Amino acid sequence: MAAADERTPVRGKGSPSARDQQGGFAEAAKIVAERLAASFPRVEGLIIGFEGDLVLIDRGTAAGVVQGMELDVFREGEEFKHPLTGEAMGRLDKDLGTVRVLYVHERYAETAVIKKTEKAGFRKGDRVRVSMARMIVAFPNIDVGGVGGVSMRAMTKDLAAALVRTGRFEPVEDRQLRSMLLTDREFMAGELTDPKALKQLADRGKIQVLLLSRLTPSADGISLDVQAYSTLTGNSIVLASALVQSGLVTHDKSSRGPQTAPTAPSTVITPAETGKSIVAASPRPGTLPVAPMPSDHVVLEPALDGSMTAMAMADLDGDGKRELLVAGVDRLLALRFDGSHLKSLAEYPLREKGSVVTLEALDVTGDGGAEIIMTLSHKGRIHALVVQWIESKLRAIWEVPDLIIRPLAPDGKTVRLFGQAMVPADRAAQPIHQYTWDGRNLQVGPALDVPSGLSLLEFTMADVNGDGAIRLLTFKGGTLEVGSQTGTLLSSYKASSGASVPKNGVDPRIVIDKEREGERLQVIVAREQEAEGRMQSWWSGKRTHSLTVLKWDGTQFHEVRQAPIADGVLTDYAVADLGEGLGRRLLALVVKRGRLGLSTRSEIQAFRY
């Protein structure tokens, strides 16, 4: 595939000129700088108590405190006076260390100690603050990535000026950074996230935050993304983004952390109030009414030959309408809805690729249409595959062994691609990194801030309350768990009966549905139950699968609807809009065997919900 700046504009959308991009960039830079400044408010407060290892401070969301914020802890010294006039001159503060906000409430926050300079430790009445002066930030040159016809130096200068104008930042630019690191060579911005480099920046330049900036082609234009990292811990603090579109900027809503579905607007991450780390008890089965799905479900025609094990939705051609992807052991199919009829678009052979572990979609290349993101397993080895819709055909554009890849929304808004290496014969989970397209290949980026030891196959991420606080969702053994990004369990829900349906040897898919404006987040999960009656189950070996819709009420999930799948084996599920007459449907991919068990076919059942 040609480099991004050499590609012909796709789907009839004109490519913005360099002048348009440059003109729109100044406004995008201003928006991003203001969002970053808002993420580092000037805060002063007191330590009011301790709870185990947590330090409680008297500032919360009302004072601008957000999850992930780092505050210096100090103790006021004795007042000193002018030796001749006796006039009070001030106090000498004693530096005690640093804390990081874990849980934030309206009027107070719970923090963890990340640095101590005094053996005696902290005590009630010690003061905390986010520097009232300008923050010194490391600001290397912007990575323009695959965006052609733009000036890296001009854009870096514009963004640096925008940061200074906020009155909150003092950028230390590329040449000064090289001096601090005692190197004359050009370095990749990502190298600065190395712990040794961060320590040098903090010690030699008193730098508090590293800002990494990048221009990324997207379906909506060009995205300016600035990720802030703590030089003390290396943790990602906030991601601020704005879209540059032919001299215009699409304004995103605020949000904190790195950026959901391609249909959702891009965001900045600003977790607001989060509750204390208390596990919400699961309600007893039957405490809330669970409605069955409306009975007018339809079976989409035609049925598909063979055993199909995975399904996903993707807007392959960038026309705003999503196509259906279905994969089995030997092929990947792209299909288009025509009412209740399925029209075949293209097929990609998988016979020598192995079994499908995950099937998802995301616009990786920024050309307006979604690429197909797959993780497969072949002879005990995992490998990643990216397939693109090109000239009405499906073609592989990237394939790498020993890697899991999946789209995630680390800020609850904008979906990005993440990967995790799978070292053969090593069961230890490797760090999860963001991957970005450079025009020819996917390049490794910064690590995702999640608990160590977590597999990319185990979880998804969502802003369950709509307040910017990102949660990790897992579904194992029939229990849906909601946890913080630090690994704290916040809520769990045990399905009323049965266990989760394993999908291709991994944990089942959690389908998140938050497209209905004003409604609370819903998730769809699958459960497996034995057929009614022990004798019938023993005799037939049949099990009844069901799809369960759970709605989040702000603290926990409740079952609201169920769809039993009695005839066949449920292998995957998704949500789609089938158009006029059928509307929004929950799709179930079901595998059925012939009467003698010799032939297999797969059908898609569409439930109204």
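A salt bridge is defined here as a side-chain nitrogen of Lys or Arg within 4 Å of a carboxyl oxygen of Asp or Glu. The structure is a predicted model, in which local features need pLDDT of at least 70 and side-chain atom pairs count only at pLDDT 80 or more, while totals for chains, interfaces and linings use all residues. Residues are numbered from 1 along each chain as its sequence is written, and side-chain values use heavy atoms, with hydrogens and water left out.

Strands (E, at least two residues) and helices (H or I, at least four) are DSSP runs, numbered from the N terminus. Solvent exposure is classed by relative accessible area as buried (under 20%), exposed (over 50%) or partly exposed (in between), with a 1.4 Å probe and protein chains only. R584 is buried at 18%, and D513 is likewise buried, at 5%.

A second salt bridge joins the side chains of R381 and D402, with an N to O distance of 2.7 Å. Distant parts of the chain are again linked: R381 lies in strand 21 (residues 381–390) and D402 in the loop between strand 22 (393–401) and strand 23 (403–408), 21 residues apart. R381 is partly exposed, with a relative accessibility of 40%, whereas D402 is buried at 18%.

The side chains of D330 and R331 also form a salt bridge, at 3.2 Å from N to O. Here D330 is partly exposed, at 22% relative accessibility, and R331 is buried, at 13%.

Strand 23 is mostly covered, six of its six residues being buried. In a regular strand, side chains alternate between the two faces of the sheet. Both faces of strand 23 are covered: L403, I405 and P407 are buried on one side, and I404, R406 and L408 on the other. Strand 23 runs antiparallel to strand 24 (residues 416–421), to which six bridges join it; two strands are taken to pair if DSSP finds at least two bridges between them. Within this pairing, L408 stands opposite R416 of strand 24.
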